[in-house]
Amino acid sequence: MTKENVNSDALITTILEGIEDVKGKDIKILDLRDIENTVCDYFIICEGNSNTQVNAIVNAVQKKVSKTLKEHPWHVEGSDNAEWVLMDYVNVVVHVFQKHIRQYYDIEGLWGDAKTTVIETSY
């Protein structure tokens, strides 16, 4: 396994821990590596119940990744209204939605060719 894959794996694991710390729901990982002309290797998609929870998920992910891996997102978008926040860690892009916005944009449907992993949670 290459160093890049190990770093992506560690980043994904740490992002998932951050999401789970504040009970993010319906977590999925989309593996985009086998699809041509993609902007990253993975999407991590989850949702929160409110603006407050969406912001809590984003903050928990940033804090966990920063503390554990000393990494910061290259770009974060959508924090102002907290209906859909995108966190760009270059090879991994995190989408944190409110449920109605997630259903409307249907990212999973748009990237239907991606290998999808559903993350089971115990809450």
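Where does lysine 64 lie? Lysine 64 sits in helix α2, where helices (H or I, at least four residues) and strands (E, at least two) are DSSP runs, numbered from the N terminus. Before going on, bear in mind that this is a predicted model, where local features need pLDDT of at least 70, side-chain atom pairs count only at pLDDT 80 or more, and totals for chains, interfaces and linings use all residues. Residues are numbered from 1 along each chain as its sequence is written, and side-chain values use heavy atoms, with hydrogens and water left out.

Back to lysine 64. It counts as partly exposed because its relative accessibility is 23%; buried means under 20% relative accessible area, exposed over 50%, and partly exposed in between (1.4 Å probe, protein chains only). Leaving aside neighbours within four places in sequence, lysine 64 is in contact (heavy atoms within 4.5 Å) with Thr14, Glu17, Gly18, Asp21 and Leu69.

Now for the inside. A nonpolar core is a set of buried Ala, Val, Leu, Ile, Met, Phe, Trp, Tyr and Cys residues joined through side-chain atoms within 4.5 Å. The largest one here has 23 residues, and Ile15, Ile19, Ile44, Val61, Tyr89 and Val92 have the most contacts inside it. Elements giving two or more residues to this core are α1 (3-21), β1 (25-31), β2 (42-48), α2 (51-69), β4 (84-88) and β5 (92-98). There's also a second, separate core of eleven residues, including Ile35, Cys40, Phe43 and Val93.

Pick out isoleucine 44 next. Not counting residues up to four places away in sequence, its list of touching residues includes Ile12, Ile15, Leu16, Ile19, Val92 and His95. That last one, histidine 95, lies in strand β5. Histidine 95 counts as buried because its relative accessible area is 3%. Beyond its neighbours within four places in sequence, histidine 95 is in contact with Phe43, Ile44, Ile45, Cys46, Trp84, Val85 and Leu86.

What about aromatic rings? A pair of aromatic rings is described by the distance of the centres and the angle of the planes. Rings of Phe, Tyr and Trp (its six-membered ring) pair if their centres lie within 6.5 Å; planes under 30 degrees apart count as stacked, over 60 as edge-to-face and the rest as tilted. The whole structure has four aromatic pairs. Tyrosine 104 is exposed, at 65% relative accessibility, whereas tyrosine 105 is partly exposed, with a relative accessible area of 39%. Together with Trp84 and Phe97, these two tyrosines form one aromatic cluster.

Finally, take a look at two loops. Lysine 70 is in the loop between α2 and β3 (75-77), and alanine 82 is in the loop between β3 and β4. Phi is positive in each residue, neither being glycine: near 60 degrees for lysine 70 and near 55 degrees for alanine 82. Which of the two is buried and which is exposed? Lysine 70 is exposed, because its relative accessible area is 64%, while alanine 82 counts as buried because its relative accessibility is 0%.
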